[in-house]
Amino acid sequence: MEGLLDYAISPAGPADAAALGRVHVRSWRETYPGLLPQAALNRMSPAVHARRFAHELMRVRPGQVTLIAEGAGGAVGYVSGAVLTGEGRAADAEVFTLYVVRAAQRVGVGRALLTSAARVLEAEGAKSLMLFVLTRNERARRFYERLGGEAFAEVASNGWGQGLTETAYRWPEIESLTR
């Protein structure tokens, strides 16, 4: 059985785009059947997502982070986020995505990705952290709650046309994740 020590977490760069695209599509197809329209999951393309990642990773700005988790068989997860800018937001950060393929779950990869991203964001000045998760994704919600995330809002999820909602989680003190 693999454990956390069998994985390495490092900053992702443009050369990781294809691996990130594969992880993204695989993790969505493993996580969202029954939660999102199956036709949308079937249409997902690792190549399309790889191009998006390549574009994003060539234009990284200060305060942004994308980390990749890799094991002996290649990439198994990633996280991305940024310090939020704008009026009254200087101390907030948001994790936009955190995905781990099913085979690498329950060994600490997700926790390591989230805490590593939180450390980077804290070093960039963030004092708190937030993220959104599909409300019906009970497994992910339990994961964030085990890590101390506090649910604080429910908002409409855009783009799926089914009246789906997302639950916002926050860590008012980012250091609760980084200690």
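The conversation below concerns a predicted model and takes its labels in turn.

Visitor: Why is Arg106 called exposed?
Guide: Arg106 has a relative accessible area of 68%. The term exposed applies over 50%, so Arg106 with its 68% counts as exposed. Arg106 is found in the loop between S4 and helix H4 (109-123).

Visitor: What makes the phi of Arg106 worth a remark?
Guide: Phi of Arg106 is near 70°, which is a positive value in a residue that is not glycine.

Visitor: How do you know that Arg179 counts as exposed?
Guide: The relative accessibility of Arg179 is 74%. Because the cut-off for exposed is over 50%, Arg179 at 74% is given that label. Arg179 is placed in the segment after helix H6 (175-178). From C-alpha to C-alpha, Arg179 lies 8.9 Å from Arg119, although 60 residues separate the two in sequence.

Visitor: How do you know that the reach of helix H1 is close to the expected one?
Guide: Helix H1 (residues 17-31) has 15 residues. The expected span is 1.5 Å times one less than the number of residues, which gives 21 Å for H1. From its first C-alpha to its last, H1 reaches 21 Å, so the span is close to the expected value.

Visitor: Which residues of H1 are called buried, and what covers them?
Guide: Buried means under 20% relative accessible area. In H1 this label goes to Ala17, Ala19, Leu20, Gly21, Val23, His24, Val25, Ser27 and Trp28. Their cover includes helix H2 (38-43), helix H3 (46-57), strand S2 (64-71), strand S3 (74-83) and strand S4 (92-100).

Visitor: What makes up the lining of the largest pocket?
Guide: The largest pocket holds about 970 Å³ of space, and 44 residues line it. H1, H3, S4, H4, strand S5 (128-134) and helix H5 (138-146) each give two or more residues to this lining. Nearest the centre lie Leu98, Tyr99, Asn137, Ala140 and Tyr144. By class, the lining has 22 nonpolar, 11 polar and 11 charged residues.

Visitor: Which element gives the largest share of the lining of the second largest pocket?
Guide: That element is H3, with 5 residues. The second largest pocket has a volume of about 330 Å³ and a lining of 16 residues, with Glu56, Gln64, Thr66, Ser80 and Phe96 nearest its centre. The classes here are 6 nonpolar, 6 polar and 4 charged.

Methods. Residues numbered from 1 in each chain as written. Predicted model: local features only at pLDDT ≥ 70, side-chain atom pairs only at ≥ 80, totals over all residues. Heavy atoms only, no water. Helix = DSSP H or I, 4+ residues; strand = E, 2+ residues; numbered from the N terminus. Buried < 20%, exposed > 50% of the residue type's maximum accessible area, 1.4 Å probe, protein only. Contact = heavy atoms within 4.5 Å. 1 Å grid on protein atoms, 1.4 Å probe; cavity = no way out; pocket = protein on both sides within 12 Å on 5 of 7 lines; lining within 4 Å. Points joined across faces, edges and corners; volume = space filled by probe spheres on them. Nonpolar A, V, L, I, M, F, W, Y, C, P; charged D, E, K, R; others polar.
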